[in-house]
Amino acid sequence: MLIDIDRLPKEGLRLSGDFDFLSLDLVEENAVFLEPAHAEVFVRLLGDEVFIQGEITAKLSFVCSRCLTPFEFPVRSKFDLVYLPEELDALTDELSDEEIDKMYYRDRHLDLRGVVLEQLNLTFPGKPLCSTECEGICAVCGEIVRDGGCSCVVSESDSRWDKLKLLVKDKS
Ligand SMILES: [Zn+2]
Ligand SMILES: [Zn+2]
């Protein structure tokens, strides 16, 4: 969905839409969309700056980085952004700290799809967990500890030691 900057009404424009993305588009490549991402936005032009406020809702399936089980990850994220014309960027070779966070639109158009995707990616956890208490997979039997699939008595939970144990196991 491309927004034509020059055709934005003075009072601003309210837009809403569903966006289909591929898992490939996401920073979290194991994520799968359970429903399309939905965005409601309000776009306004002030001078040359485009102000865009809105909310994104989506439902994804992530894979837990500890136990490798898929789990549902709902997204509800509000954002408030300012986009500047790209031409200004070309004038400043060195970006100051303040300018690094600034975003730009190109050729008098703003790609709403790109905005939504970027905001979506920002909401993702660096290390997805099905629960903060997830105990992951047992290093001894390979079963998921949470499901009671493992009955091993493991007193050492430091994964560095688990790796060491496996090495020792391989050699014997
Ligand atoms: Zn887990
Ligand atoms: Zn076990």
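Some ground rules. This is a predicted model, so local features need pLDDT of at least 70 and side-chain atom pairs count only at pLDDT 80 or more, while totals for chains, interfaces and linings use all residues. Residues are numbered from 1 along each chain as its sequence is written, and chains are lettered from A and ligands numbered from 1 in the order in which they are written.

Overall make-up. The protein has 4 helices and 7 strands. Along the sequence the pattern reads β-β-β-β-β-α-α-β-β-α-α. Of the 172 residues, 16% are buried. Buried means 20 or more other C-beta atoms within 10 Å of a residue's own; exposed means 12 or fewer; partly exposed lies in between, with C-beta atoms placed from the backbone.

Now the sheet. It is open, with 5 strands in the order β2-β3-β4-β5-β6 and mixed pairing. At the edges stand β2 (13-19) and β6 (103-105); each has a single partner strand, so one side of each has no neighbour in the sheet. On average, neighbouring strands are turned by 30° against each other, direction ignored. That angle is taken between axes, which are lines fitted to C-alpha atoms. Two strands pair if DSSP finds at least two bridges between them.

Let's walk across. β2 pairs with β3 (residues 32-46) in the antiparallel sense over 7 bridges. There, D18 faces H38 in β3. Next, β3 and β4 (residues 49-63) run antiparallel, joined by 12 bridges. E35 sits opposite K59 in β4. Their hairpin has 2 residues between the strands, and G47 takes a positive phi near 65°. Then β4 and β5 (residues 70-85), antiparallel again, share 14 bridges. F62 is opposite F71 in β5. This hairpin has 6 residues between the strands, with L68 at a positive phi near 65°.

Last, the leucine. L112 belongs to helix α3 (residues 112-123). Is L112 buried or partly exposed? Partly exposed, because 19 C-beta neighbours lie inside 10 Å. What does L112 touch beyond its neighbours within four places in sequence? M1, I3, L15 and V41. Contact here means C-beta atoms, placed from the backbone, within 7 Å. L2 is 110 residues from L112 in sequence, yet their C-alpha atoms are 6.0 Å apart.

Conventions: Two residues are in contact if their C-beta atoms, placed from the backbone, lie within 7 Å. Axes are lines fitted to C-alpha atoms, for helices over the stretch in contact, and angles run from 0 to 180 degrees between N-to-C directions.
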